[in-house]
Each structure stands twice: as structure tokens, then as C-alpha cells.
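Dear colleague,

Please read them alongside the model.

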Amino acid sequence: MKDRERGGGCTPCVVPQPLKATALTYNPTPAHFSLNARIFYSCIKQPSPTSETNARRPSSPPNVTTHFLMDVRRRLPPKPPSATILSHQKAVASGDDRSSSSAKAGVVDRSPSPVPKASDALPLPLYLTNGIFFTLFFSVAYYLLHRWRDKIRSSTPLHVVTLSELAAIVSLIASFIYLLGFFGIDFVQSFITTSRGEEDSFVLEGEVEQHSEPKPRIVDPVPSLALASEEDEEIVKSVVCGSVPSYSLESKLGDCLRAASIRRQALERTTGRSLLGLPLEGLDYDSILGQCCEMPVGYVQIPVGIAGPLLLNGCEYMVPMATTEGCLVASTNRGCKAIFASGGATAILLKDGMTRAPVVRFATAERASQLKFFLEDAINFDTLSIVFNKSSRFARLQNIQCSIAGKNLYIRFTCSTGDAMGMNMVSKGVQNVLDFLQNDFPDMDVIGISGNFCSDKKPAAVNWIEGRGKSVVCEAVITEEVVKKVLKTTVPGLVELNMLKNLTGSAIAGSLGGFNAHAANIVSAVFIATGQDPAQNIESSHCITMMEAVNNGKDLHISVTMPSIEVGTVGGGTQLASQSACLNLLGVKGASHESPGSNARLLASVVAGAVLAGELSLMSAIAAGQLVRSHMKYNRSNRDIAAIASSV
């Protein structure tokens, strides 16, 4: 009996003398409080106030430790009673003689207080309170609407209210707040119930209680990475509980790799999902801080293939392509081979200008028209250019195009941006001009720095017609011999397929800038490999592919016209090690000091040349009926994925 009171094989709780420690058995489940807090929580629960136990309890003044334990008890939420404790409570209520013997043996009543509900704070029953507020809300709303209708009919100002109307408005607001809170009660309680259901349970030793196996929260095994120190473990716990924001780890720690590792650990513990397979080490996280990505937890591996050599403007280029689509690199490579064998391709740069179009508003359409005439007047262009060009030593204003919609004016600025893609550069220049215009047009209200007349990262006719970024046309003449031996098709077959597919088919589909076979495939692959913005693939893939027979119908003339290729060789992802290596492979790494902007223009020409090769090869595969067969051979894995997954 003494062993049972001391806890048997379990470690007894060390508590002050006035409180009697009870032996505990720990049932591990997902934890929400520290172990010490749970031990205190169990210790401070007093036995049931029976006459026998009260007679044996010594009277002593509460000490500091007792107050601390009671304070912990007040902070912790009540725990649901176990089945054994509930049966013990029933026995006490029915006057069973065994209850006194159980108390002597150390099994005492520890029934918790009932779980609080949000509706407990209401002075009346919930259904009655809801009925009152529902009735009040709709009655007051009807009264106010009726009164406002009368005021409108009698031309009485709405802001002139009587005392009854003021009371009605207050009642409407109060009932609305109550109803808004009422509808959120069940939602909040669902989270409270879930949280309480996952707490640890402490059971008195000596009680026989069968626990059902808890459902595992973690679906996938989470192999934890070894943390460097106990300090990192404490930081992970702080991130999980929310006391340390995840986004602030880099600034607090001063070590980007360590911050990514801690954030990754916290993410795995919070979600219960493993990030095994997502690499962490091997990336310079300092290089992406404040520039490329926030709150990193790793990086995605994308294989990079090489297509080429691409003979373009008399020079050979090996084109890097980052993709997970089988056959894409092989197909583009075959197109490069056909172009090389036919003497190469020629690329011509037509335009080079990035755009940004703010939207401003005036009180009247007349004032908006006055600003439109002012901006389009050639006399004012030089002054606006000086103001715009102050933003950068590379930014040079080229054109201002305005479009009006009522009293709203959309102003499309076009400027050169050197070797940068230039979105930030042109935005700074536009802001300078807007500030300058405020002097002559103080009533101008700038709604947004971008009004979608630019248009960025969206298919738009203005980009298809006017161009954005680099406008390039690329052409080549493929000989009849190469068409037959390399491409395995005929010139008439390619010409007919291009007319019916790329031109007629796209027109039937209502395509906008999509008169091609798969320009977006090549553009995306080159963009990812060279650190461009993948979202700008939308307008950069605007392309029309043309094919016609030349030289008495023997040879094939093919061209691609791409009016809005948006690329840069400095800034953004171009400075990352992998992407910088791909740019270096093309000979366009960084900015050109001899001719600013030439590297970005050359990259745009290479993109157009790669698209030309991809279009030529895919159209040949479709004309020859090889598309499905090649994809079945090269774009499908022969590995048994189920066996690989089971062996991991």
C-alpha cells in the first residue's frame, strides 16, 4: 500500500508538504504543453473533499510554491475525465461503500470542471438570445429603410436623424455585431475542441483503463534533420508556437542557411509532412535574400539539357533548356541540326523597349483629355524625357502612348533599359514623371502605377501589336534534302500543316498571339535556365510561325515573329550561380560594358532562334506522324514507381 501511494514504479511528483503527490502514468500523445507544466497540472488537483480526507489533511498556510501551482492550474484548460474516473464519480453519487475504500487506497475523485462554451457568457438561453437579436436586426433594418424612403420622398437630408433613428442605428450595429459573432462560435469551438482532444492524458496508476490507439497525424514519416545545437531546437519550438515569426529568422540569426534549416524543421513539425527529397544544402541562400525568394526551405532541382549548336547570324550557340518534359530538348536539338545543315538562321531585332502604363483620374473627361494632348505634344516630350531619364543612367524614354476611358487616362511609357529586363527601372521613371505632372495638373489623381495597359504577365493585344521588351523576327531556309533526311517529311506537307494548324486552327480558337505550335515550351525552358521571370513567358511566347515553299517549291522558308520577348542579363534570378553559368554558356553573362543592352538583345535573338528550331522539329513530327510514337518512347518512364516507393 505504501508503494502504491508513492507511485510504485513511476517517479512521484515532488510537491510541497501541504499537497499530496499522486503516482502518474504518462500516456504519450501529441503535446501542446511542456512536461513540467503537465506534472504541475496533475499535482495541484486536490482529492475529493470527503470528511475522512479532510480530517487527515494538515492545516498549514499556503506557501509560494502552492500559489505558483495553483496559478498554473488556473492557466491550463480543463481535461476531459477518463472512463474510470467517471465510473468512480457515479459510485460516490450512489453512496457505494467502495468509494471510501477507494479513497483510502489513493483513488480519488478528480473530475474536471466542465468545458466552457462561448454561449455560457450569455445571460439568457442561446435560442432565446438568438431570437431576440434576429428580430431586433430585421425590425430595425425595416424601420430605417422605411424612414429613409420617406426622407428621400420629402427631400429631407439623410444625415439629419431623430433620437429614435439614432437608437435604431445603434441597435442595428449591436445586433449585427452579435450575429456576426454568433455565426463564428461553432467555427471557433471546432478548433478549441480539436486542440483539447490532442492534449496529453495523465492517468492515476492503479486504474485499469483501455485506451484506443490514436490516429496518426503524420501521414508520411518525417525524418528530422539534425540541428546544430540546442539553441536551434529552442528556436524551432518558438517558430512552431508563433512567438518568433518565420520571416524574421534571417535578420535575427544572420545566417541564411541556418534560418532555412530551422524554418524547414518548423514547417515539418507544423504540417506533419516530410520534406525528404527537397534539397536544402548546396544553394547560396545569401544570394537570394531580399532579391529572389522569401522564407526559403530548400530548392527544386530541374534538369538542364543542351540543344545545339544553333547557327544564328553566323555564330554557334549551345542553348540551355531547363525542363521536365521529355522529347523537348531532343526535338529542339533536331531543329538546330536541320538549321545548321541548311546554312543557319538569321535573327533581326525590330524593337527594344519596356513599358509601364499608370492610370490617372480627373474630375471630368475634359481634364483627362487635356493631359492626353499635353503628353502627346512633341514640344513637351523633351522635358518629360529629361525628368524620366533621371531615374537611371540606362533608362531612356522612347515613346508615350495614351488611351482614355471616360475621365480615366492610361499612359503607356516605353523606354530602353540596357541589359536589364527593366520593370523596376521604368517604374521609377514613370513615378518621376507623375510627380512632375502634379505641378501642372494638381487635380490629377494617380490610381495606380500600373493600369494593365502595359501589359505585364497577361495576354494582351497591345503587346501583340505594339510590342514589349524585345521584338524579334527569325528566319531560315531549309533545303529539300534536309527536310527529307533530317526532318523525315516533305515541304508541301509542312506548308499545308502550318496553314491549317498554326494559322487557321488558331484563328478558329480565337487565339491571341498563339499562331504557333509550341513556342511557350522553348521560351519557358530557356527562361528558367537563364534566370528570367517565368511568368513573363505569357507575352514572351506571342509568336506567329510562317512557312512557305521557295526555290520552285523545293525548299522551305520558315520564320517566327515574336513581338514581346522580355529578357535581361542582369538583376533578378540571373545572378544565381546556376543561371549565371547558363548565361555564360551563351556568352551573355552580366552587362555589356562596350555596348549597354547588347547582351539582352542577343539573348532575345537566341530565344527566337531556339523557338524557330522547336517549331520546325515539332511540325515535322506531326506531319510525319511521329509525335505520339516519340513521346511514348522518350516521355514515359519505364521504371516501376510503386516498387521504388515501397523500397524507400
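In these notes a residue is called buried when its relative accessible area is under 20%, exposed when it is over 50%, and partly exposed in between, with a 1.4 Å probe and protein chains only. This is a predicted model, in which local features need pLDDT of at least 70 and side-chain atom pairs count only at pLDDT 80 or more, while totals for chains, interfaces and linings use all residues. Residues are numbered from 1 along each chain as its sequence is written, and side-chain values use heavy atoms, leaving out hydrogens and water.

Cys241 counts as exposed because its relative accessibility is 58%, whereas Cys256, at 6%, counts as buried. Taking a disulfide as a pair of cysteine sulfur atoms within 2.5 Å, the structure holds zero disulfides.

Turning to the aromatic rings, those of Phe, Tyr and Trp (its six-membered ring) pair if their centres lie within 6.5 Å, and planes under 30 degrees apart count as stacked, over 60 as edge-to-face and the rest as tilted. By this rule there are five aromatic pairs. One of them joins Phe374 and Phe441 edge-to-face, at 5.7 Å centre to centre and 70 degrees between the planes. Phe374 and Phe441 are both buried, and together with Phe362 they form one aromatic cluster.

Another pair, Phe388 and Phe413, is stacked, with 6.2 Å from centre to centre and 15 degrees between the planes. Both of these residues, Phe388 and Phe413, are buried.
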